[in-house]
Amino acid sequence: MIIKLKDTATEKQIAKLKNKFLKEGFELHESLGTSTLLLGIIGDTTVIDINSLYAYEFIDTVLRVQEPFKKVNRKFKPEDTIVNVSGIEIGGKNVVIMAGPCAVESEKQINEIAPIIKDAGAKILRGGAFKPRTSPYSFQGMGVEGLEILENANKKYNLPVVSEIMSIDDLPYFIEKVDLIQVGARNMQNFALLKELGKIDKPILLKRGIASTIEEWLMSAEYILAGGNSNVILCERGIRTYETSTRNTLDISSIPVIKKLTHLPIVIDPSHASGRWEYVESLSKAAIAAGADGLIIEVHQTPETALSDGQQSLKPAKFRALVKKCRRVAEAVDRTLK
Ligand code: PEP
Ligand code: MN
């Protein structure tokens with residue numbers, strides 16, 4: 001439930017109202033708009049009689065929030081959330097590009113690719129150290145050593161890093177070595193993991209589940225915010241449909257829907273969405289035109305020899321050309337891609 005207060009409401013009146021709800025066992029969420037205060041009431045609000053609230057002369061409007069997600073709901077916080085990833089802001093006017101290989105394969109590979117993607121315009125380096133592979137016989141990632149390689153590259157090239165966490169047990173390593181913790185599609189509903197990520201303040205990149213609805217995805221984000229961590233960036237990476245010509249189907253509609261439903265930023269992963277390098281540029285341009293706050297793209301020096309996802313990885317020259325084109329699309333929709 002949301003209570004919009006009149007701008008004449010005094011601090012004393014507001015404190016009294018807040019106390020009443022706290023005593024009744026509700027949790028409160030405040031959002032200060034341009035001039036009015038929105039008071040979010042979280043809990044079983046069905047017991048509250050809306051009419052009786054209008055007895056308070058300083059209450060302007062009372063609104064029931066039908067959606068099951070509360071803290072991520074734009075109704076609770078009308079202004080966009082900007083997530084700061086070690087100095088890089090995601091969710092503002094800028095469009096931010098993250099890029100790098102699917103998996104960290106060696107120190108040499110990362111040290112080569114980091115300056116290349118940075119020079120092309122990427123602001124965050126990606127690389128999986130713990131890989132969720134369909135087959136147990138496929139390359140599983142370098143583990144903690146991979147995180148150390150990313151950490152060193154960050155120090156050397158001043159490039160924040162994003163990497164996927166698969167197990168709660170690894171959280172201490174991620175807190176120490178990674179700037180943005182990725183929750184992969186397969187773990188979007190790993191609620192135990194989400195609860196732990198709610199207890200920290202590090203930014204989280206929450207990918208949409210392989211066959212999840214937008215509401216389920218937002219409920220997963222709600223777990224993290226409910227725990228106290230509001231630094232969540234959503235990532236649409238395609239969903240499973242009956243179409244087989246692409247690895248997944250990029251749900252472009254999710255961008256305006258997410259923008260309407262939540263204040264959280266959204267980035268698009270055109271690599272996993274399409275599964276083929278030749279479609280990545282089109283989807284990237286479409287995503288920015290539709291209002292995405294950023295992209296996460298797989299780039300590899302030699303995709304032919306990549307240990308995972310070579311078929312969807314761009315070579316450096318193609319990535320550089322993509323960024324240039326995306327910059328123009330960003331300008332066309334009044335955004336900036338630096
Ligand atoms: C990845 O980004 O490396 C990855 C495995 O993505 P997803 O979870 O979207 O499949
Ligand atoms: Mn991949």
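Predicted model: local features only at pLDDT ≥ 70, side-chain atom pairs only at ≥ 80, totals over all residues.
Me: Is Ser 86 buried, partly exposed or exposed?
Reply: Buried would require under 20% relative accessible area and exposed would require over 50%. Because the relative accessibility of Ser 86 is 47%, the residue counts as partly exposed.

Me: What is the phi of Ser 86, a residue other than glycine?
Reply: Most residues other than glycine have a negative phi. Ser 86, which is not a glycine, has a positive value instead, and its phi is near 45°.

Me: Which segment holds Asp 334, and is Asp 334 buried or exposed?
Reply: Asp 334 lies in the segment after α11, a helix that covers 316–332, and Asp 334 has a positive phi of about 65° although it is not a glycine. With the limit for exposed set at over 50%, Asp 334 at 56% relative accessibility counts as exposed.

Me: How far apart in space are Asp 334 and Lys 123, C-alpha to C-alpha?
Reply: Along the sequence, Asp 334 and Lys 123 are separated by 211 residues. In space, their C-alpha to C-alpha distance is 20 Å.

Me: Which class of residue, nonpolar, polar or charged, has 6 members in the shell around ligand 1?
Reply: The residues that surround ligand 1 include Arg 126, Lys 131, Glu 164, Lys 207 and His 272. By class, the shell has 2 nonpolar and 3 polar residues, and the class with 6 members is charged.

Me: What is the distance from an oxygen atom of ligand 1 to an N or O atom in the side chain of Arg 237?
Reply: The side chain of Gln 182 places an N or O atom 2.9 Å from an oxygen atom of ligand 1, and a polar side-chain atom of Arg 186 likewise lies 2.9 Å from a ligand oxygen. For the side chain of Arg 237, the corresponding distance is 2.6 Å.

Me: How much of the area that ligand 1 exposes when taken alone does the protein bury?
Reply: Ligand 1 sits in the largest pocket. Taken alone, ligand 1 exposes 290 Å², and the share of this area that the protein buries is 97%.

Terms used:
Residues numbered from 1 in each chain as written. Chains lettered and ligands numbered in written order. Heavy atoms only, no water. Near = heavy atom within 4 Å. Polar contact = N/O pair within 3.5 Å; in protein donor to acceptor, adjacent residues only side chain to side chain. Areas by Shrake-Rupley, 256 points an atom, 1.4 Å probe, with all protein chains shown as cover. 1 Å grid on protein atoms, 1.4 Å probe; cavity = no way out; pocket = protein on both sides within 12 Å on 5 of 7 lines; lining within 4 Å. Sits in = over half its atoms within 2 Å of the grid points. Nonpolar A, V, L, I, M, F, W, Y, C, P; charged D, E, K, R; others polar. Buried < 20%, exposed > 50% of the residue type's maximum accessible area, 1.4 Å probe, protein only. Helix = DSSP H or I, 4+ residues; strand = E, 2+ residues; numbered from the N terminus.
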